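Subject: Handing over the structure

Hi,

Here is the structure I promised to pass on. Please open it and keep it beside this email while you read.

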Amino acid sequence: LVTGMARLVGGLLFVLLVPTVLGNSLNLRIHYPESQLNSSDAGLFIRGDGCGLNWDSGLAVDKSGTDQWEISVDCAVAPANNTLEFKVLVGDATWQLGANSMVLVPSSGDATFDSYPWFTNQNGEYTYIRNVHSKELGNSRDIVVYTPPSYLENTLKVHQNVLIMHDGQNLFNQSTAFMGNAWLCQDTVDLLVMEGHMEEIVIIGVDNSPDRIDELTYSVDPTEQAGGKGDLYLDFVENEVLAAAKANYRIDVSSRENMGILGSSLGGLISCYAGWTRGHVYSRAGCMSSSFWWNSQDFNSTVIPNRSPPTNVTFYLDSGDQGPGADDKEETLTVLSDLEARGWTLGQDVFYYLDHGGMHSETYWGPRFHYPMSDLYPPKPHKTTVNTAALS
């Protein structure tokens, strides 16, 4: 970040670009289990871009407590875009995995940022919670939870990004998937995380039930003679599913900023409905090959115009263009146009992808799952905690 300073020399006006001076320091607090380090490891180091750091050689980070290291860096000269990028290294040799850590440097005052790096594990895993009961729906089902690569290595980290997905049987496991064709979400997310194209997330997959059509639709479709339990299903997700997941995994589900919901077909429809009507719960909604045809397209004709637009909710929409109904391509474009007309901006808070040749099946949803992941969960700068004692 630079500011301009004008000077008149020999009748010519020159503008000098000088760095913005912030006059603050940033305390980086690193959390990592000492039990994961070998006795021969030569401590932790940090490299980066800005605030006196560079990518060629690291600064040693001081041990400040059990499983904790700290270093204070001088950010008097603002880094590019007021964002410090850095990585932690073991022995200034073994690099932190995943995307660079990115921190928004405050314009004034001293601040602290807590970092939870990992160095070895490149794969996440999925596990099950069996027979989660729904008092709203009067039935029970399994939920399947994917935890990202750092989860088992850095056990100090509480994971912020949580994504609800529907039809859990189809997400990870070929043996439970419809027609044996799973999305293999774990492979997609692992690769994107390791390549630095997305943040780590925890995925909570909710198995469908014999009442799938009713549960994933928010209104009765007279033609289908079905539907209308969608709000009860979403209540179940918020009340019982999240509670069960929180009791068994290190996740934070207290903030809407970290919560997303995504699905395909009717799962895409209920995800868009949740994003539009429950913006206090979800900040991101992924709607793949959504069944926007449901009940005479009432999501676009009734829900959007008659319910208050949510604030700060990002939508991802996609479809194919082949098969019955061309995979609702036109209906999806209609929803996209309606969102844009109400203030959403393509490429910023609404994303769209057309899968040319794509049809309505897991065969196409799994291979393009990387699009909503990189659009909804890109690496981004994180805020710091201002040190109030330093301001007093």
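First, a term you will need: two strands count as paired if DSSP finds at least two bridges between them. In general, strands of a sheet pair through backbone hydrogen bonds, either parallel or antiparallel. One caution before the findings: this is a predicted model.

Start with a bridge. In β18, Arg284 is the bridge partner of Gly260. Now step back to the two strands. Strand β17 covers residues 259-264, and strand β18 covers residues 284-288. They run parallel, and five bridges join them.

What is the strand order of the open sheet? The sheet has eight strands, in the order β11-β12-β14-β13-β17-β18-β19-β20. Its pairing is mixed. The edge strands are β11 (125-134) and β20 (350-355), and each pairs on one side only. From one strand to the next, the twist averages 15 degrees.

Next, the helices that lie across these strands.

- Helix α3 is made of residues 230-248 and lies across β11, β12 (139-147), β13 (162-166), β14 (202-206) and β17. Helix α3 runs at about 130 degrees to β11.
- Helix α4 is made of residues 266-277 and lies across β13, β17, β18 and β19 (314-320). Helix α4 runs at about 150 degrees to β17.

Now find Asp167. Asp167 sits in the loop between β13 and α1 (185-194). Is Asp167 buried or exposed? The cut-off for buried is under 20% relative accessible area. Asp167 has 7%, so Asp167 is buried. Leaving aside residues up to four places away in sequence, Asp167 touches Val206, Asn208, Arg212, Leu216 and Ser264.

Last, the whole protein. The protein has nine helices and 21 strands. Its C-alpha atoms fill a box of roughly 75 × 65 × 45 Å along the principal axes. How many residues does the protein have, and what percentage is buried? There are 392 residues, and buried ones make up 52%. Now take the contacts between residues at least 6 apart in sequence. Of these, 71% join residues at least 24 apart.

The accessible surface comes to about 17100 Å², and carbon and sulfur atoms account for 51% of that surface. The protein has 22 positive and 47 negative charges.

Best wishes

Methods. Residues numbered from 1 in each chain as written. Predicted model: local features only at pLDDT ≥ 70, side-chain atom pairs only at ≥ 80, totals over all residues. Heavy atoms only, no water. Helix = DSSP H or I, 4+ residues; strand = E, 2+ residues; numbered from the N terminus. Buried < 20%, exposed > 50% of the residue type's maximum accessible area, 1.4 Å probe, protein only. Contact = heavy atoms within 4.5 Å. Areas by Shrake-Rupley, 256 points an atom, 1.4 Å probe, with all protein chains shown as cover. Lys, Arg positive; Asp, Glu negative; His and termini not counted. Charge placed at Lys NZ, Arg CZ, Asp CG, Glu CD. Axes fitted to C-alpha atoms, helices over the stretch in contact; angles between N-to-C directions.
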